[in-house]
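Open the model in your viewer and keep the selection panel at hand. The tour goes from stop to stop, with something to select at each.

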Amino acid sequence: TRTFLASITVYYPNLLRSLMNSKEMTTFQDSNDARMYPIKGDEMMSLLGTQNSISDCQMTVYAPRIFKDILVSNMKVVNFEESLDIACNAENIKKAGEGNGGASGELFMFSHDCRLIIKTITGEEHKSFEKFVYEYSNHLQYNRLSQIAKVYGLFEFKFQGTNKSVRLIVMENLFTLGN
């Protein structure tokens, strides 16, 4: 869990900022865009000033331009660096592996400030979401007051030396709508 939060915190906000300057309209083809980042655990630990283990892996960010549009049209400001900070989330990281992950059995964690939810998803859920992410984004852009939970990112982590792949989403916590 620490690897997920650290990787997203370091790379995702910078990717989104770089896309903010683009004047191009997002298209359905952006659903197929994927950006890959090699994660070196030792380097990440040094960068974040932590002694807690971060694993080597490859992080893939799916449809970043589409999620940038979702974030831009959002009525709330989302600060990934603040909400997903590994030091502030240390207790939640420990607890993340303790439960059953809700009804699906997947990892389910609230950020320390309760603004975001980090949830692993199955391969089938991932494929389904990729198929409708463009339409989902359009719905949220044209219905800014929609009470549908907003997904802010779709990620996959592949760990070196294994065939293990973990897919997850970062989404808003609807129970903070008043905040």
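Which residues have the most contacts inside the largest nonpolar core? Select I8, Y12, F67, F80, F155 and F157: those are the ones. The core itself has 50 residues. Helix 1 supplies the largest share of this core, with nine residues. Bear in mind throughout that this is a predicted model.

**Stop 1: F4 and F157**

Stay with aromatic rings. The count of aromatic pairs comes to 11. Select F4 and F157 for one of them, a tilted pair. The centres are 4.8 Å apart, and the planes make an angle of 50°. F4 lies in helix 1 (residues 2-20) and F157 in strand 5 (residues 151-159), so this pair ties together parts that are 153 residues apart in sequence.

**Stop 2: Y12 and F80**

Now select Y12 and F80. The ring centres are 5.2 Å apart and the planes stand at 75°, so this pair is edge-to-face. The cut-off for that label is over 60 degrees. Again, distant parts of the chain are linked: Y12 sits in helix 1 and F80 in helix 4 (residues 80-83), 68 residues apart.

Check the accessibility of each. Y12 has a relative accessible area of 0%, so Y12 is buried. F80 has 3% relative accessibility and also counts as buried.

Ring pairs link Y12, F80, Y152 and F155 into a cluster.

Next, show what surrounds F80. Leaving aside neighbours within four places in sequence, F80 is in contact with T9, Y12, P13, L16, L71, D85, L116, Y152 and V170. Y12 and Y152, both in the ring cluster, are on that list.

**Stop 3: the largest cavity**

How many cavities of 30 Å³ or more does a search of the whole structure find? There are two. The largest holds about 70 Å³ of space. Select its lining: N74, K76, V77, V78, N79, S83, R115, L116 and Y152. Y152 returns here from the ring cluster, now as a lining residue.

**Stop 4: N74**

Pick N74 out of that lining. Where is N74 placed? Look in the loop between helix 3 (64-73) and helix 4. At 10% relative accessibility, N74 counts as buried. Follow the side chain: one of its polar atoms lies 3.1 Å from the backbone oxygen of K76. K76 also lines the largest cavity. Not counting residues up to four places away in sequence, N74 touches R144, K150 and Y152.

**Stop 5: S31**

Finish at S31. Find it in the loop between helix 1 and strand 1 (34-39). S31 is buried, with a relative accessible area of 2%. Which backbone oxygen lies 2.9 Å from a polar atom of the S31 side chain? Select F28: the oxygen belongs to that residue.

Then select E130. The C-alpha atoms of S31 and E130 are separated by 6.3 Å, although the two residues are 99 apart along the chain. Not counting residues up to four places away in sequence, S31 touches A63, I66, E130, V133 and Y134.

Definitions and conventions: Residues numbered from 1 in each chain as written. Predicted model: local features only at pLDDT ≥ 70, side-chain atom pairs only at ≥ 80, totals over all residues. Heavy atoms only, no water. Phe/Tyr/Trp six-rings, centres within 6.5 Å; stacked < 30°, edge-to-face > 60°. Helix = DSSP H or I, 4+ residues; strand = E, 2+ residues; numbered from the N terminus. Buried < 20%, exposed > 50% of the residue type's maximum accessible area, 1.4 Å probe, protein only. Polar contact = N/O pair within 3.5 Å; in protein donor to acceptor, adjacent residues only side chain to side chain. Contact = heavy atoms within 4.5 Å. Core = buried A, V, L, I, M, F, W, Y, C linked by side-chain atoms within 4.5 Å. 1 Å grid on protein atoms, 1.4 Å probe; cavity = no way out; pocket = protein on both sides within 12 Å on 5 of 7 lines; lining within 4 Å. Points joined across faces, edges and corners; volume = space filled by probe spheres on them.
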